[in-house]
Amino acid sequence: MVLITSTFVWYFYAFDMLTQSVKQISPGYWELFVIWSSHFGTAVISAFIGASISIRMEKRVRFLYGWLLLEFFASFSNFLLNNPNLLSLLFTSLLIGTSFGLGMPVCMAYFRNSTLPEKRAWLGGLIFFFNGPWYLLLGITNVLDITSRTLILASWRGLWLLALFLLKPSEQFIYKSKDFSYIEIIRTRDFTFYFIPWWMLCLVNYLNVPTLIKSFGEDFYRISTLVEGVLAGVFSIIGGYFSDIGGRKRAVILGFTMLGLGYAALGIYPKSLASWWFYTIVDGVAWGFFHVLFLLTIWGELAHHAPCEKYYALGGLPFFLSNYLKILIAPYISETFSVYTVFSVASFFLFLAVIPLMYASETLPKRKLRERELRSYIEKAKRVREKFTKG
């Protein structure tokens with residue numbers, strides 16, 4: 001759990017430093033294209049490479065040690081951002097993207113292998129809940145200079161590398177099925193039925209950011225984003241617990257429905273503060289569900305008893321590519337189309353995304369669902385018997 005928490009915090013902190021440095025040089029479109037294509041392209045490629053290499057290793061813990069050490073040294077590349085130029089930004093973006101992508105699937109897979117299905121989503125919710133205070137704490141350091149922030153970033157990664165070394169985690173999971181190729185995974189029915197909605201969700205979420213800022217202003221957007229972050233942290237635990245009891249599929253459909261209603265409200269009343277706050281609340285609640293299920297839970301469970309690193313590598317594609325499109329394409333969408341059109345189309349696609357989910361299989365083992373249903377039935381029967389016995 002602490003490994004995943006520290007990984008997300010490290011990446012977003014480093015990504016924020018890189019983004020601010022890019023803004024300082026006021027690059028043209030093609031310079032932006034080169035920088036961010038390098039960053040997200042290497043993140044995706046290294047995720048595929050890391051997943052493929054780690055599966056062949058007898059002890060994946062060694063891979064984790066090497067990866068954390070790479071991130072530790074990659075942190076120092078941010079010293080180059082003191083005097084940013086195209087070459088320094090390009091080198092830093094490549095190194096950060098490679099470092100994060102290389103270990104991300106292995107880190108997620110280790111979480112899958114170390115948790116029980118009936119508690120996996122709830123534990124994943126705890127991870128995202130505890131991310132919040134660290135983001136806030138590190139966010140306070142934004143006022144510091146690049147050198148100080150770089151040392152904080154390197155110390156952060158070094159601390160967790162030391163913690164992992166002292167904890168000495170061991171692998172207790174033995175795969176009972178063969179490793180699948182990426183093509184075989186993509187052709188899997190259930191993977192496709194979950195991947196398509198996840199892809200649509202990421203596109204809608206990130207491509208609409210400039211339009212949201214255009215409608216209500218950047219200051220108000222930052223405040224609402226902070227509120228969403230708090231709600232997402234709280235509801236990641238609630239959503240995880242709910243999906244452990246009722247299944248992943250129900251929780252995902254509920255999240256899509258809530259978010260679709262939020263965008264529908266913005267599409268009808270795009271200038272209303274009431275519709276904005278309604279969207280902010282349902283967006284925070286829905287993403288509390290989505291963080292747990294789409295980032296940590298579903299892809300690993302779709303692998304069943306096979307290695308799941310490649311599933312997580314593919315599942316991370318929409319996250320990387322939608323962020324990439326947000327930077328290069330989304331601003332032009334907000335300038336070309338009206339807010340009514342953008343939000344209405346977003347709502348339509350989110351409701352449309354529910355259709356594949358209706359045909360997807362539940363990833364939580366049916367045996368666990370039946371056990372919970374039987375336990376609930378027994379408890380109700382006991383209460384009824386006690387009621388009539390006392391009467």
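Helices α8 and α11 are roughly parallel to each other, a label given to angles under 35 degrees. The axes of α8 (residues 189-207) and α11 (residues 248-268) come within 12 Å and cross at roughly 30°. Here axes are lines fitted to C-alpha atoms over the stretch in contact, and angles run from 0 to 180 degrees between N-to-C directions. The contact (heavy atoms within 4.5 Å) involves Tyr194, Pro197, Trp198, Leu201, Val204 and Asn205 on α8, and Lys249, Phe256, Leu259 and Tyr263 on α11.

The model is predicted: local features need pLDDT of at least 70, side-chain atom pairs count only at pLDDT 80 or more, and totals for chains, interfaces and linings use all residues. Residues are numbered from 1 along each chain as its sequence is written, and side-chain values use heavy atoms, with hydrogens and water left out.

Values for the protein are listed below.

| Property | Value |
|---|---|
| Buried residues (under 20% relative accessible area, 1.4 Å probe, protein chains only) | 52% of 391 residues |
| Contacts joining residues at least 24 apart, among those between residues at least 6 apart in sequence | 88% |
| Accessible surface (Shrake-Rupley method, 1.4 Å probe) | about 18600 Å², 70% of it from carbon and sulfur atoms |

The protein has 17 helices and 0 strands, taken as DSSP runs of at least four residues (H or I) and at least two (E) respectively, numbered from the N terminus.

Glu71 lies in helix α3 (residues 60-75). Glu71 is buried, at a relative accessible area of 0%. Leaving aside residues up to four places away in sequence, Glu71 touches Trp10, Ser99, Phe100 and Arg157.

Key:
Parallel < 35°, antiparallel > 145°, perpendicular 65-115°, else oblique. Buried < 20%, exposed > 50% of the residue type's maximum accessible area, 1.4 Å probe, protein only.
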